[in-house]
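Please have a look at the structure below, and then read my notes alongside it.

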Amino acid sequence: MAIAALELMGFFFGLFGMLGTLVATLLPYWATSAHVGPNIVTAVVSMKGLWMECVYQSTGAFQCETYNTLLGLTTDLQAARAMMVISSIFSVMACALSTVGMQCTICMDGSSIKTKVAGVGGFLFLLAGLLSLIPVSWKTHEVVQTFYMQNMPASLKFEIGDCLYVGLASSLLSMLGGGLLSASCCDDLDGSRGTRHHYPYPDRTIPRGLPLSMPYHPANLHSTTNPNLTNKNQTLNSHTSTSTHSTMPAQGPRKSARQNTAAGYDVTGYV
């Protein structure tokens, strides 16, 4: 029961990490314009992401422009794109494999590789969290280092965007979920290497050739009678009949009186 709860906790951590990774990959809030020094005009806010640059105006207009070139981008931006996309793919694969390999599901139930599938899902969660943590940490370091440069104009300084916080949290959740899944997979192995404990779930496998419903056969009392018990009952009945015949003359008048009284009544109890 504890192992199943550990697997569920790790799966949900990994699921939240996958959603956060997808949000951080798609949205352009990796760096936002810093309003410091003479650049205190907040009517326009500039934002940068992996795929586009956006400008938000105080009038409510929101304009975005995607990067038209791929080879003209900087090396760190290309690497960040590749790592975030691969991390998202690994997270989706990890969710699918973990769903199949967990104890609370009936997929591949009774198979010896069910535990290994859950372990592979946990490993993919760990790998996805590590791949998303690298570009998020690198971009955060770049933004902070650029902000504190003395010769950098204030209009070109940026602050840490919301997607960096989301990416950092999602990478940590993915690695935590992968660690829990991997730990539950290792604890669930016994000496037979691969046999899973299905408690509290019963065995769902039905042998072939057996009907789904069994006919009901009432118990036959005569066939199960013990011969020794039968002999004892016959001896007891003989003694009882002997004692009854001996007391019959004394009970005759009373019995005849009761029969006469009951003769006037019907079987239903009415006269």
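1. Let me begin with burial. Of the 271 residues in the chain, 27% are buried. Please keep in mind as you read that this is a predicted model.

2. The surface goes with that point. The chain has an accessible surface of about 17800 Å², and carbon and sulfur atoms contribute 66% of that area.

3. Next, the overall layout. The chain holds six helices and five strands. Read from the N terminus, the order of the elements is α-β-β-β-β-α-α-β-α-α-α.

4. Now for the strands, starting with β2 (residues 44–48) and β3 (residues 52–57). These two run antiparallel and are joined by five bridges. They form a hairpin, with three residues between them. To find the pairing on screen, look for M47, which sits opposite C54 in β3.

5. β3 also pairs with β4 (residues 62–66), in the antiparallel sense and over five bridges. Here Y56 is the residue to look for, as it stands opposite F62 in β4.

6. Which residue takes a positive phi in the hairpin of β3 and β4? It is G60, with a phi near 105°; the hairpin has four residues between its strands.

Note on methods: Residues numbered from 1 in each chain as written. Predicted model: local features only at pLDDT ≥ 70, side-chain atom pairs only at ≥ 80, totals over all residues. Heavy atoms only, no water. Buried < 20%, exposed > 50% of the residue type's maximum accessible area, 1.4 Å probe, protein only. Areas by Shrake-Rupley, 256 points an atom, 1.4 Å probe, with all protein chains shown as cover. Pairing = 2+ DSSP bridges.
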